[in-house]
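Q: Could you walk me through this one? I'd like to go helix by helix and then look at the sheet.

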Amino acid sequence: MPGRVKTRLTPPYSPVQAARLAAAALADTLDAVAGACRSLGARPMVVLDGEPGPWLPPGFTVVAQATGSFDTRLAAAFDAVRGQPALLIGMDTPQIGQDELVAALLELRAGADAVLGRALDGGWWALGLRASAGGLVRGVATSTPDTGACQFARLRAAGLGVVELPVLRDVDTAADVAPVAALAPGGRFAAAVHELRLCPGVAARPAGER
């Protein structure tokens, strides 16, 4: 929804353009998740604030997102599958492919207690737990330069063995858009970036607007 997603892209992108980029990033991410789950027989799930639309591929379980701070919502996502293995990712890394997700899931299946993919900005783009428990993320400060380090420390303090995944750049600001798009030039995100670059002053109209 314009004005509610990717607000740090505005400016230079308009709220509608930022929402368009977010939708494209989400579509690429869902494709990767669906492919990884098909490959391993895992269950794809979306933790959602709102109602699913036509953007959601078939086969996904939808769980209502909790309210509260970001760490509380992340914890609730893990609690929704308490005790089971789970890999949680956002939609900020549209360059991720199913192979990377399969590799992370296989680490959990091979016995790793946790997998953690840190982001270049100090956060993290993926967190997997062999035995999901919200308490492992609840209370860890988010959106700080040391969020990833603090999450790693929390996991280690709980006695978990952690396998670190590749460090990735996520899309937080306008400076991240082109470099991330270049990493997956065939994706929807890259296509949306290219189209907006061709028409930088034209914001797509929301559906139904005349």
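Q: Let's start with α1: how many residues does it have, and how far does it reach from its first C-alpha to its last?
A: This is a predicted model, and in it helix α1, residues 15-40, has 26 residues and reaches 37 Å from its first C-alpha to its last, which is close to the 38 Å expected at 1.5 Å a residue.

Q: And what follows α1?
A: The residue that follows α1 is Gly 41, and its phi is positive, near 70°.

Q: What about the other end, which peptide bond there is cis, with omega near -15°?
A: That is the bond from Thr 10 to Pro 11, and Pro 11 is found in the segment before α1. A cis peptide bond also joins Pro 11 and Pro 12, with omega about 10°, and Pro 12 likewise belongs to the segment before α1.

Q: Which residue has a positive phi although it is not a glycine?
A: Lys 6 does, with a phi of about 50°, and its place is again in the segment before α1. As background for both points, most residues other than glycine have a negative phi, and most peptide bonds are trans.

Q: OK, on to packing. At what angle do α1 and α3 pack?
A: Helix α1 and helix α3, residues 98-109, pack at an angle of about 45°, with their axes 8 Å apart. That angle makes α1 oblique to α3, and the crossing in which α1 passes α3 is right-handed.

Q: Which residues make that contact?
A: From α1 the contact takes Ala 32, Val 33, Gly 35, Ala 36, Ser 39 and Leu 40, while α3 contributes Gln 98, Leu 101, Val 102, Leu 105, Leu 106 and Arg 109. Sorted by class, the contact of α1 with α3 has eight nonpolar, three polar and one charged residues.

Q: How do the axes of α1 and α6 cross?
A: The axes of α1 and α6 come within 7 Å and cross at roughly 160°, and the two helices are therefore roughly antiparallel to each other. On the α1 side the contact is made by Gln 17, Arg 20, Leu 21, Ala 24, Ala 25, Ala 27, Asp 28 and Asp 31, and on the α6 side by Arg 188, Phe 189, Ala 192, Val 193, Glu 195 and Leu 196.

Q: And by class, how do the residues of that one divide?
A: The residues in the contact of α1 with α6 divide into eight nonpolar, one polar and five charged.

Q: In which sense do β3 and β5 pair?
A: Strand β3 and strand β5, residues 124-129, pair in the antiparallel sense over four bridges, and the bridge partner of Leu 88 in β5 is Leu 127.

Definitions and conventions. Residues are numbered from 1 along each chain as its sequence is written. This is a predicted model: local features need pLDDT of at least 70, side-chain atom pairs count only at pLDDT 80 or more; totals for chains, interfaces and linings use all residues. Side-chain values use heavy atoms; hydrogens and water are left out. Two strands pair if DSSP finds at least two bridges between them. The expected span of a helix is 1.5 Å times one less than its number of residues. Axes are lines fitted to C-alpha atoms, for helices over the stretch in contact, and angles run from 0 to 180 degrees between N-to-C directions. Angles under 35 degrees count as roughly parallel, over 145 as roughly antiparallel, 65 to 115 as roughly perpendicular and the rest as oblique. A crossing is left-handed if the near helix is turned anticlockwise from the far one by less than a right angle, and right-handed if clockwise. Contact means heavy atoms within 4.5 Å. Ala, Val, Leu, Ile, Met, Phe, Trp, Tyr, Cys and Pro count as nonpolar, Asp, Glu, Lys and Arg as charged, and the others, Gly among them, as polar.
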